[in-house]
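Welcome! Take a look at the sequence and the 3D view below, and then let us walk through them together.

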Amino acid sequence: MSVRSQLLKGILEGCILAVISQETIYGYELTLKLHAMQIEVSEGSIYPILLRLQKEKLIVGEMKKSPSGPNRKYYTLTRKGEEALDEFKKHWENLRDPVDHLLQRGGRV
């Protein structure tokens, strides 16, 4: 597994919550949005995470008719999901800033 994949594995769930917090969205559309943000993930990686987020009651899924093709499952963030996203943002900021600082100083403390 590449370094990029390992790093992404740790933050993908938070990124998905962030996208869903902005709008109700279906799985394939979510994948396209992440790609547009240069977060390259396969659909095969997204759906197990969506299922886990549903089981943890961080998102809810609702089947709706599609204007083109079969019904789609649209995902919405729950109150518990909003809290989880806030928690992710705090952890991300607490981790990102020291790592950026360390890398900018060439590893010197």
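## Salt bridges and surroundings

In this predicted model, Glu83 and Arg79 join their side chains in a salt bridge, with 3.8 Å from N to O. The two residues are 4 apart in helix 4, so about one helical turn separates them. Arg79 has another partner as well: Glu82 forms a salt bridge with Arg79, and their closest N and O atoms are 2.6 Å apart. Arg79 and Glu82 also both belong to helix 4, where they sit 3 residues apart, about one turn of the helix. Together, Arg79, Glu82 and Glu83 make up a network of salt bridges.

The structure holds 5 salt bridges. One of them pairs the side chains of Glu23 and Lys33, at 2.7 Å from N to O. Glu23 is in the loop between helix 1 (3–22) and strand 1 (25–26) while Lys33 is in helix 2, so this pair ties together parts 10 residues apart in sequence.

| Residue | Relative accessible area | Class |
|---|---|---|
| Arg79 | 56% | exposed |
| Glu82 | 35% | partly exposed |
| Glu83 | 44% | partly exposed |
| Glu23 | 28% | partly exposed |
| Lys33 | 29% | partly exposed |

Now for Thr78, found in the loop between strand 3 (72–77) and helix 4 (79–104). Is Thr78 buried or exposed? Thr78 counts as buried because its relative accessibility is 17%, and the cut-off for buried is under 20%. A polar atom of the Thr78 side chain lies 3.0 Å from the backbone nitrogen of Gly81. Setting aside neighbours within four places in sequence, Thr78 is in contact with Lys57, Leu58, Ile59 and Val60.

The surface has a nonpolar side too. Tyr28, Leu32 and Tyr47 form a nonpolar patch there, with about 290 Å² of accessible area together. Tyr28 is located in helix 2 (residues 27–36) and is partly exposed, at 41% relative accessibility.

Finally, let us step back to the whole protein. It contains 4 helices and 3 strands, in the order α-β-α-α-β-β-α along the sequence. The C-alpha trace spans about 55 × 30 × 20 Å along its principal axes, and 27% of the 109 residues count as buried. An unreviewed UniProt entry annotates residues 16–86 as "domain: Transcription regulator PadR N-terminal". That span of residues 16–86 is 54% helix and 20% strand, and its end C-alpha atoms lie 13 Å apart.

Terms used: Residues numbered from 1 in each chain as written. Predicted model: local features only at pLDDT ≥ 70, side-chain atom pairs only at ≥ 80, totals over all residues. Heavy atoms only, no water. Patch = residues over 30% accessible without salt bridge, like charges linked within 9 Å, V, L, I, M, F, W, Y side chains within 5 Å. Areas by Shrake-Rupley, 256 points an atom, 1.4 Å probe, with all protein chains shown as cover. Salt bridge = Lys/Arg side-chain N within 4 Å of Asp/Glu carboxyl O. Buried < 20%, exposed > 50% of the residue type's maximum accessible area, 1.4 Å probe, protein only. Polar contact = N/O pair within 3.5 Å; in protein donor to acceptor, adjacent residues only side chain to side chain. Contact = heavy atoms within 4.5 Å. UniProt positions renumbered as here; feature names shortened; annotations may be inferred.
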